[in-house]
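Try each one before reading its solution.

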Amino acid sequence: MVNTSLQLISFTCAVTGWVMAIAVTALPQWKVTAFIGSNILTSEIVWEGIWMNCVYQTTGQMQCKTYDSMLSLPADIQAARALMCLAIFLGWLSCTVSCCGMKCTTCAGDDRQAKAAIALCGGVLFILTGLCVLVPVSWTANTVIRDFYNPAVPVVHKRELGQAIYLGWAAAVILMLSGSVLSSTCPQGDRRAYRRGYMGRSFANTRPSFPEPPKPISTSSLPLKEYV
């Protein structure tokens with residue numbers, strides 16, 4: 001019962017992390033304007049994502065423009081596009097596989113070993129999904145921090161970490177932790193099944209004990225009848 005509850009909780013958290021990864025992919029707040037030095041203009045805030053650039057004004061208006069050419073983009077943005085799309089696909093595949101391997105579903109029948117193996121594969125896929133989210137987010141954060149402290153970069157072009165970076169880190173941690181918990185709840189069923197099978201084989205291989213033959217009844221203990 002506890003094992004089933006852990007599976008449900010970890011699966012719910014993993015799906016939540018997958019939805020967060022989708023939001024990170026769509027959000028443009030990967031890089032935001034840094035207000036440092038003589039750059040004190042606060043009427044506009046520039047957002048840079050992996051798909052578009054947006055200019056947000058204090059009046060509430062926002063203008064976004066997608067990138068014209070993919071080949072002219074930096075290497076970190078190109079890798080972020082590919083890895084985030086791969087993470088979304090792996091997340092969908094992980095949800096499908098994990099649903100088939102959970103104990104509360106009827107997939108794979110009553111074969112506990114097959115369901116445990118399927119759930120283990122789902123947990124590993126969730127971990128891979130978290131890694132695919134963690135790599136581009138960390139790479140982009142490293143680029144932003146490196147350019148921020150680089151004196152050769154103009155102040156106008158310096159950026160800070162946006163909200164999407166922190167959301168991506170949270171999604172990666174949730175996905176990897178949920179995948180680890182989902183994977184750790186599966187081998188216990190296999191060990192119990194193996195233990196039951198081993199005990200069954202041990203009893204089957206023991207030499208059968210035959211019942212002892214009946215002992216003759218001694219007449220010494222019976223009362224003797226007197227005959228006239």
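**Exercise 1.** Does Trp92 count as buried, partly exposed or exposed, and what is its relative accessibility?

Solution. Keep in mind that this is a predicted model. Trp92 comes out at 47% relative accessibility. Buried means under 20% and exposed means over 50%, so Trp92 counts as partly exposed. Phe89, at 45%, counts as partly exposed too.

**Exercise 2.** Work out how the aromatic pairs are arranged, starting with Trp47 and Tyr56.

Solution. Searching the whole structure turns up 4 aromatic pairs. One of them is Trp47 with Tyr56: centre to centre they are 5.5 Å apart, with 5° between the planes. Planes under 30 degrees apart count as stacked, so that is the label for Trp47 and Tyr56. Trp47 is buried at 16% relative accessible area, while Tyr56 is partly exposed at 30%.

Now take Phe89 and Trp92: their ring centres lie 6.1 Å apart with the planes at 35°, so this pair is tilted. Both sit in helix H2 (residues 75-101), 3 residues apart, which puts about one helical turn between them.

**Exercise 3.** Find what Asp147 is in contact with, leaving aside its neighbours within four places in sequence.

Solution. Next, follow Lys158: its charged end sits over the ring of Phe148, 5.9 Å from the ring centre. Finally, check Glu160, which is 13 residues from Asp147 in sequence and 9.4 Å away, C-alpha to C-alpha.

Definitions and conventions. Residues numbered from 1 in each chain as written. Predicted model: local features only at pLDDT ≥ 70, side-chain atom pairs only at ≥ 80, totals over all residues. Heavy atoms only, no water. Phe/Tyr/Trp six-rings, centres within 6.5 Å; stacked < 30°, edge-to-face > 60°. Buried < 20%, exposed > 50% of the residue type's maximum accessible area, 1.4 Å probe, protein only. Helix = DSSP H or I, 4+ residues; strand = E, 2+ residues; numbered from the N terminus. Lys NZ or Arg CZ within 6 Å of the ring centre and 35° of its normal. Contact = heavy atoms within 4.5 Å.
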